[in-house]
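Hi everyone, thanks for coming. Let me put the structure up on the screen, and then we can walk through a few parts of it together.

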Amino acid sequence: MDEHTSRTQDREIASRGLQGVREAAQRDKGLRFTTLLHHVNESRLLESFYLLKKQAAPGVDRVTWGEYEEGVEARITDLHDRIHRGAYRAQPSRRVYIPKPDGRERPLGIAALEDKIVQQAVAEVLNQIYEGDFLGFSYGFRPGRSAHNALDSLSAAIMTKKVNWILDADIKGFFDAISHEKLMALIELRIADRRILRLIGKWLTAGVSEDGEWSETKVGTPQGAVISPLLANIYLHYVLDQWVMEWRRVHAKGDVVIVRCADDFVLGFQHRHEAESFLKQLRERMAEYELELHPEKTRLIEFGRFAEGNRKRDGAGKPETFNFLGFTHICSTIHKSGKFTVKRKTVGKRMTAKLHDVAAKLRRRINDPIEQTGDWLKQVERGYFNYHAVPGNLKRLYAFRREIARHWLSTLRRRSQRSRWTWERFQTLIDRYLPEPEILHPYPLERFYAKYPR
């Protein structure tokens, strides 16, 4: 494309705003966008500010959402001016740690408030391009797509395709391992606006601050940064998603399915030899982009409608299970018909970790009024059920409610050495504050076919 044609096309796209960007991206998958920063205007920055979580922890600037809102219009005008003059400087992320279900800690990087605002605005612009590029089996951090959509898709694929083997893959420390150089090269396949590229580069290299000490970041993108989910999706779109599609087209004779949600992904194969060949090439593909599959968490297991019969014949015991997005997936059958199905129950370690967290918070609330604690526990339980109340998981939901009640009773009894809280008396509080579990989600095939009619 010559320079004159490029400038004319840029003007046409700009005249239609973000809709023009989206339409141009869908129309031409090879188009590189040279002028995008003008879409990061004052109104978009202000809108981005109001999309941020009001109660989020502050970054190294120690500026809270409420403090920034005072005189926000003037602040946004100044921020907009600095961005477009090239005077905007990204601040380091504040490093904090949150516990993981396995007992380890996950590092998070909390960005300064203005960095969050600019990242939110830039992400909105870039999403107009990449939403048309991302593939259908990618679900994480995308508008109109949820973890439950990914779970439905996986169950539907296993139950309707010829899946006999599951590759449960895990990328070791993905967010901390992303190559800045390779990421920027992949972004430049679509983005040619040097100012946007410089902004992304500033965020990647801003470093982290831990206990007041700054350290350089040569690789990785901080978990917790607003822009990180999009950057991760871009990286894996090219490194994994497109590569899997090409591998399936060239090498596979049997069925191959994949579902990815952020850096969690599962593949299903009809033939074992194809699964083994794929895994070998996947390790090589990851190494090309400075990634590594976790040697202990990446497994190939026999799973599907024939797994139980095959393993019984071979004296291998019950089919193995795998975890995905908080649920253990199990080969099972529908009670009445005996037809194969995928049963899902909450991952045990995940439920235990949640209960430990609730118990710790209950101890801190030991002197709070009973009504206040009861209302809080009701919200905790409802939030938990909203995600985990899937068909087949009712036993785990009752176990969760029972343990919540046990921790609460233990806390009440600690309030006094002469506590009169018997289980019978406590039952009135359970009935009043702790909702009975009920299934809130439809069966996977039901919702999948409603979203994607045949």
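Predicted model: local features only at pLDDT ≥ 70, side-chain atom pairs only at ≥ 80, totals over all residues.

Residues are numbered from 1 along each chain as its sequence is written, and side-chain values use heavy atoms, with hydrogens and water left out.

Let's begin with helices. Two packed helices are described by the angle between their axes and the distance between the axes. When I say helix or strand, I mean DSSP runs numbered from the N terminus: H or I of at least four residues for helices, E of at least two for strands. Axes are lines fitted to C-alpha atoms, for helices over the stretch in contact, and angles run from 0 to 180 degrees between N-to-C directions.

Please find helix 14, residues 348-364, and helix 15, residues 370-388: they pack at about 165°, and their axes are 12 Å apart. Helix 14 and helix 15 are therefore roughly antiparallel; angles over 145 degrees get that name, under 35 is roughly parallel, 65 to 115 roughly perpendicular, and the rest oblique. Which residues make the contact? From helix 14 we have Met351, Lys354, Val358, Lys361 and Leu362, and from helix 15 Thr373, Trp376, Leu377, Val380 and Tyr384. Contact here means heavy atoms within 4.5 Å. Of the residues in this contact, 7 are nonpolar, 1 is polar and 2 are charged. In that count, Ala, Val, Leu, Ile, Met, Phe, Trp, Tyr, Cys and Pro are nonpolar, Asp, Glu, Lys and Arg are charged, and the others, Gly among them, are polar.

While we're on helix 14, look at Ala353, which lies in it. Ala353 is partly exposed, at 28% relative accessible area; buried is under 20%, exposed over 50%, and partly exposed in between, using a 1.4 Å probe and protein chains only.

Now the second pair. Helix 6 (residues 113-130) and helix 10 (residues 194-204) have axes that come within 12 Å and cross at roughly 135°. That makes helix 6 oblique to helix 10. On the helix 6 side, Asp115, Val118, Gln119, Val122 and Leu126 meet Ile196, Leu199, Ile200 and Trp203 of helix 10.

Asp115 comes up again with Gln91, which touches Val60, Asp61, Ala112, Asp115 and Ala206, leaving out residues up to four places away in sequence. Where is Gln91? Gln91 is in the loop between helix 5 (72-85) and strand 1 (93-99), and is partly exposed at 33%.

Next, the backbone. Most residues other than glycine have a negative phi, and most peptide bonds are trans. Glu290 has a positive phi of about 60°, and Leu325 has one near 55°. Are they buried or exposed? Glu290 is partly exposed, at 45%, while Leu325 is buried, at 12%.

Last, the cysteines. Cys261 is buried at 11%, and Cys331 is buried at 14%. How many disulfides are in the whole structure? The search finds 0, where a disulfide is a pair of cysteine sulfur atoms within 2.5 Å.
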